[in-house]
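I opened this model to work out its fold. My notes follow in the order I looked things up.

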Amino acid sequence: MCGQPTRMDTDSTEGLDLEELVRQELRDAGFTVEPSLMSLDGGLGVWHDPTRGVVVTWGTSAEQRPANHLVKYATIRAAVQLALLTVLSEAGHHVKEDFSGLELIVTS
């Protein structure tokens, strides 16, 4: 049918709407949300993955350095991930961890 959205189009639109909602929830909580996936300087990355949902991840520029520098950021990463999980869950989103907690996946 001409002009009717297909299921794939609808899924993509709903995913992009969810991405914008997640971005707004995080901005309202005080996070700076970059307009792209994630800058090389680190920070918060938010994007829609059509097969998984909205992906939220946080990284530091230190992750570009040798592995021994990462140890001191493990506690900070855990605190930021907990804050992200709390903000999104309290906003009513369904959130799960992926890649050993390095990514949060928002599905609704």
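First, the terms for the sheet. I take two strands as paired if DSSP finds at least two bridges between them. Helices (H or I, at least four residues) and strands (E, at least two) are DSSP runs, numbered from the N terminus.

I noted the ground rules next. This is a predicted model, where local features need pLDDT of at least 70, side-chain atom pairs count only at pLDDT 80 or more, and totals for chains, interfaces and linings use all residues. Residues are numbered from 1 along each chain as its sequence is written, and side-chain values use heavy atoms, with hydrogens and water left out.

**Entry 1: overall layout**

I counted 2 helices and 4 strands in the protein chain. Along the sequence they follow the pattern α-β-β-α-β-β. I then checked burial (buried is under 20% relative accessible area, exposed over 50%, partly exposed in between, with a 1.4 Å probe and protein chains only). Buried residues make up 31% of the 108 residues in the protein chain. For contacts I used heavy atoms within 4.5 Å. Of the contacts in the protein chain with a separation of 6 or more, 41% are between residues 24 or more positions apart.

In what order do the 4 strands form the open sheet? I read 1-2-4-3, with antiparallel pairing. Strand 1 and strand 3 (95–98) stand at the edges with a single partner strand each, so one side of each has no neighbour in the sheet. The twist averages 25° from one strand to the next. For angles I used axes fitted as lines to C-alpha atoms, for helices over the stretch in contact; the angles run from 0 to 180 degrees between N-to-C directions.

I went through the pairs. Strand 1 and strand 2 pair antiparallel over 8 bridges. They form a hairpin with 3 residues between them. L44 has W58 in strand 2 as its bridge partner. Strand 2 also runs antiparallel to strand 4, joined by 4 bridges. There V55 stands opposite I105 in strand 4. Strand 2 is mostly covered, with 8 of its 8 residues buried.

Strand 3 and strand 4 are antiparallel too, and 4 bridges join them. V95 has V106 in strand 4 as its bridge partner, and E97 has L104. The hairpin of strand 3 and strand 4 has 4 residues between the strands, and F99 takes a positive phi near 55° in it. In strand 4, E103 and I105 point one way, L104 and V106 the other way, and all are buried.

**Entry 2: K96**

I picked K96 in strand 3. Is K96 buried, partly exposed or exposed? Its relative accessibility is 44%, so K96 counts as partly exposed. K96 touches E103, L104 and I105, leaving out residues up to four places away in sequence. The C-alpha atoms of K96 and V106 are separated by 6.7 Å, with the two residues 10 apart along the chain.

**Entry 3: helix 2**

Helix 2 lies across strand 1, strand 2, strand 3 and strand 4, running at about 150° to strand 2. I checked its length against the expected span, which is 1.5 Å times one less than the number of residues. The 17 residues of helix 2 should span 24 Å, and the end C-alpha atoms are 24 Å apart, which agrees.

Which residues of helix 2 are buried? I found R77, V80, Q81, L84 and L88. They cover an arc of only 100° around the axis, so they sit on the same side of helix 2. The arc is that of the directions from the helix axis to the C-beta atoms. T75, L82 and E90 are exposed on the other side of helix 2. After helix 2 comes G92, with a positive phi near 95°.

I stopped at Q81, which has a relative accessible area of 8% and is buried. Q81 touches W58, G101, L102, E103 and L104, again leaving out residues up to four places away in sequence.

**Entry 4: the nonpolar core**

I define a nonpolar core as a set of buried Ala, Val, Leu, Ile, Met, Phe, Trp, Tyr and Cys residues joined through side-chain atoms within 4.5 Å. Of the 15 residues in the largest one, V22, L26, L44, V46, V56, L84 and V106 touch the most other members. Helix 1 (7–28), strand 1 (42–49), strand 2 (53–60), helix 2 (74–90) and strand 4 (103–106) each give two or more residues to this core. I looked up L26 last. Not counting residues up to four places away in sequence, L26 touches F31, V33, L44, V46, V56, L84, V87 and L88.
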